[in-house]
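Subject: Structure handover

Hello,

Please find the structure below, followed by my notes on it.

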Amino acid sequence: MSTLLPWMVVLPAVACLFCLAAPERLSKVIAMGSSLAGLLLAGVLYTEFDASNAASMQFLYLAPWISQYQIHFGLGIDGLSFPLVLLSKFMMPIAIAASWNQTHRVRAFMACFLLLDTAMTGTFLATDIFLFYVFWELALIPMVLIVGVWGSSERVYAAVKFFLITFAGSLLMLVAIFWVFMAHQEQYGFYSAEIRSFYTLSWNHGLTYFGLTAPEWIFLAFAVAFCIKIPLFPLHTWLPDAHTQAPTGGSILLAAVMLKMGTYGILRFCVPITPDAFHTFSPYLAALALVGILYGAWVAFQQADVKKLVAYSSVSHVGFIVLGICAMNPEALTGAMLQMVNHGLSTGALFFLIGALYERRHSRQLSDFGGLAKQLPWFAFFLVFVSASSMGVPGLNGFVGEFLILLGSFKANAIWGFVGVLGVIFAAVYMLWMLRGVLWGPLASEENKSLTDLNWRETACLTAVGIFIVWLGVYPKPFIDKMRATLEAYWKQEPTIITLKVDENL
Amino acid sequence: MMEFLLLSMILIPLLGSILNGLLLRSGSPARTGTLASTAAGLSFLAALLLCWNYLSTGQIVNVNFEWLRVGGLNLAWGFRFDAITVLMSLVVTGIGTLIHIFSIGYMDEEPTPYRFFAYLNLFLSAMLILVTGANLPVMFVGWEGVGLCSYLLIGYWYEDIKKADAGMKAFVINRIGDAGFLIGIFMLFQIFGTVDFESMKLIVDGSGSLNVRWLQFAAFFLFVGAMGKSAQIPLFTWLPDAMAGPTPVSALIHAATMVTAGVYLVARMGFLFRVSPDVSHFVATIGCATALFAASIATAQRDIKKILAYSTVSQLGFMFVALGVGAYSVALFHVMTHAFFKALLFLAAGTIIHGLHGEQDVCKMGGLRKHFPVTFITTSIAVAAICGLPPLSGFFSKDAIVFAALTGPYGGPYLWAGLSLASLLTAFYMSRFYFLVFFGEYRGNAHPHEGGWAMKLPLMDLAIGSAVVGFLGMPHGLHVLPNYLDQLLVPTVPGWEEAHAFLTEIQSMVVAVAVALTGIAIAAFFYLPNPARSDKAAPKLLAIDTILKNKYWVDELYEVVFVVPFRFLSGVAARIIDPRVIDAAVLFPSRLARAGGTLLTFIQSGSSQFYLWIMLTGGLLVLWQALKGLIV
């Protein structure tokens, strides 16, 4: 039994305690050190991960927790969680670097990030449904604090809204968790909280409650919770508020990693636990995803606030991910997984850049900028580069994901493909509109003439992201190979079941 | 070895771009331009070696790396150097190198030339990916890559927001085409299970059981992509605006290479279009309409670059007619000759604009043959070539198109007549341009001067090319030289049997020359005797002149039909639907809770008087209830 995964989860939590106790300047160093160590562990994971055996959970770690109900502290990783764990470990140091100039209650700020690290990693790694729920909720707390304490002027409203809406979804999910947990006990005569053990539940489709069968209710309860997090249209309105108010580091992690908890949840719970209900509802989900793709793009185009523009562009982008999941064929599913990572990289980098600009100019209004390409050439380079990735220029990462998703969607339903492709057009419209507002035109205002270009810390972070943007666009094979076995098993809907004999393991 | 050369050809300009962007950020135009031109030149050298290899051994060079292998999709970074690539890569790298050299002179006063040359090199690399890609997605990489470079170069002088906007317009309209391209790829993948050119060709050629309806749909959507990139009706409006970019960019990207990518796409997919008669008719019709439409607009423009831009749109229309009627090799022939004479015309225009310190109005030129002798002579060759005077290159390629429009598999007399009229207009507007710029007296206030050797040499080279490349594709009917180009392209693009028509090839040539001379004569009649009166001499045919000057108000029409509704609807979404409907609905439970709370706060007011009133009312109600029972 490997202890790699528990280290990945626990290390930030331990560092979090040190952070709170240390002096302010040191706390930043501790946070950065811990997240770099996490990145190192992710590197180890990358090399040790067995791509050929990715269909089942690897690096399993199991510790008893509530033994009488067979609830464990269980961690494991497969091809579904692998890219997301890597993504969250990769974005962590970048988010901390983006927060380097934070001066207000630095210790607590850094502690929040580290706690978030633990919670996000735990969410992706948990193999136990209750442990998943604990990490899922745990992730909410530091993020709400980050928005509510260190955010901009409307931070409290945004934080409360974020909390209430997400929490409402989580409660529905908790009901569904108890439902499947009890159903397992009823069908098999013993308790299990292992997520994969629910994949084999059989349901009485004749029995309906208020017109829907049990799996349909369970699907909906999970789906609502996850779709709020994603966020799928029309549950997205908390996102622009949270993003605009959050400090840069918070926005980066929110966009890059936390939204993926939703799409990951759909893949881990909704689809395999209640496949028939997924089949029933996926056209509706796809319809919402398509509306979201276009709607997000249209609303993004109208924003005067750059950060809000990028936030709405996220609504459009995650629509592609959900569309790929709904199409449920190997191309679209792989595309959706890649797109989760791609969106994390490109939107994370966009928030990083906007944050860098905000630090210098204390404004996010498009009308305050214009002509910055002259004053900030490196900033301009990275903004154009990342925007190109975000709008899916081939050769960069965004294209690979979108191409696979659209190809697979077209296979599943030609209309999905047709409508989805329109999103590609509008993506160009709002991204170029943003570039126009920020970079092009005369450098008119006096404040903008004294701005300084990116410093080495910022350049290093963006270069790191840039390397992956190119790598994933040109040679995504290593990443696809790591997911292949899992996804092949997955789309055939024959997930490998591990029935855990806990006593033998411990 | 050859594989290495192929990759070098593509990657050396990319390397040049990176080096310029990293190391020469403060370099002078001469230094950055030399680096970029060297990269382009090396790429040209590699292309020459590859061509020599292909022509001497007939061996097709292939390079493959795995890109995306998922489910049924097995996509490689596949590059292929075959007959059609011989032609395209020589044009791209050859003319590309000349234009790089020209730019050293043209951009001599730029503060940040590294940006310009880095973009230009990047463009070259993307264009080479486009023409060497062995499957549609790799081609699409180049396709969008050149679009991005075009965006950056049109908006190169971004401080003028109009120029940045022109770049944005170009990219967005191209994206509309690209969406069609993507749908075409998805459809073809559905039909064939592969999007590799050779594999698809084998399946189409070898199987009679394919569903032609689906093939036609796929061909149609690919053509939508071509319409965007090659500026055909209805997606042509970006190209005239693209003239906001530096003139060498207009020459390289918006005349010689990128805009012909659509022609290349259709020719490369000729096996598909050949079996799609309805789409082929559509392609020919669009091409013919565009040729006429753009040529008519060109007759009334005063901006030297706008005239050339509409001319390019019109010439691309000619090429699409050739593609539509099934004469793929003829279309590629015209791609090549057009690349020479149109690049030359643009560079000449650039020399003049540079020499007149930014003046672009032909009515403020005149008499420039004395001040720009080299430009004058080279331009004369190019104008004669585009008008279609023998024995220059344009004569052969245009005549081949006009004749194919009559005799090609999907051709007919209407197309022939349409193109003949377009040729007449072409001869007219080009001569008008020529007379207004070079003849009469100088009407401006600048001190005209011709550029240095970096600018003159490319003009001369291109002039030689404009004069002689036509001999590569001499028609069979003349029995002078064999049609080398046809022989080269036979293995790659479908050939055709000429149908019997009311004209023979020789007769058609005579008609074409007569048409060209007529056009020149009309222009000479109006503009040569008194160019000082310049545009006032134009035939004022009532409303027509106004319509043409305003380009048929197509931009305004699109503004009303597409841009305004988009702005309006997205505004409604952002300002009404999102905050007032969706967010309000999401917040409704919290509002409800708050309203309920407010109501309850009202009851629990803490005022004893209020409580007493409530008690009294309640008591009375109870009493009344009790008494009601007693009474009844």
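Predicted model: local features only at pLDDT ≥ 70, side-chain atom pairs only at ≥ 80, totals over all residues.

Residues are numbered from 1 along each chain as its sequence is written, chains are lettered from A and ligands numbered from 1 in the order in which they are written, and side-chain values use heavy atoms, with hydrogens and water left out.

Interface

Chain A brings 59 residues to the contact and chain B brings 54 residues, where contact means heavy atoms within 4.5 Å. About 5,200 Å² is buried between chain A and chain B, with carbon and sulfur atoms giving 73% of that area. Three residues, A:Gln302, A:Phe403 and A:Trp440, supply 12% of the area that chain A buries against chain B, more than any other three residues. Buried area here is the accessible area (1.4 Å probe) that two parts lose on being put together, summed over both.

Four salt bridges are counted between chain A and chain B; a salt bridge is a side-chain nitrogen of Lys or Arg within 4 Å of a carboxyl oxygen of Asp or Glu. A:Lys161 and B:Asp583 meet in a salt bridge through their side chains, at 2.8 Å, N to O. The rule also finds 18 residue pairs in polar contact across this interface of chain A and chain B, both residues at pLDDT 80 or more. A polar contact is a pair of N or O atoms within 3.5 Å; within protein, one must be able to donate a hydrogen and the other to accept it, and residues adjacent in sequence count only if both atoms are side-chain atoms.

On the side of chain A that touches chain B, helix 16 (residues 414-438) of chain A gives the largest share, eleven residues. Helices (H or I, at least four residues) and strands (E, at least two) are DSSP runs, numbered from the N terminus.

B:Arg575, found in helix 23 (residues 554-603) of chain B, has a polar contact of 2.5 Å between its side chain and that of A:Gln302.

Cavities

Ten cavities of 30 Å³ or more turn up in a search of the whole structure. The largest cavity holds about 120 Å³ of space. Helix 21 (505-527) of chain B is among the helices that each supply at least two residues of its lining, and helix 21 of chain B gives the most, with five residues. On a 1 Å grid over the protein atoms alone, a cavity is a set of points where a 1.4 Å probe fits but cannot get out, and lining residues have an atom within 4 Å of a point. Grid points are joined across faces, edges and corners, and a volume is the space filled by probe spheres set on the points.

Backbone

Chain B has a cis peptide bond from B:Ile233 to B:Pro234, with omega near 5 degrees, and another from B:Pro390 to B:Pro391, with omega near 0 degrees. In chain A, phi of A:Phe210 is near 50 degrees, a positive value in a residue other than glycine.

Within chain A

The structure holds 24 salt bridges over all chains. One joins the side chains of A:Lys89 and A:Asp117 (3.1 Å, N to O). A:Lys89 lies in helix 3 (residues 82-98) and A:Asp117 in helix 4 (residues 106-125) of chain A, so the pair ties together parts that are 28 residues apart in sequence.

Regards

Methods: 1 Å grid on protein atoms, 1.4 Å probe; cavity = no way out; pocket = protein on both sides within 12 Å on 5 of 7 lines; lining within 4 Å.
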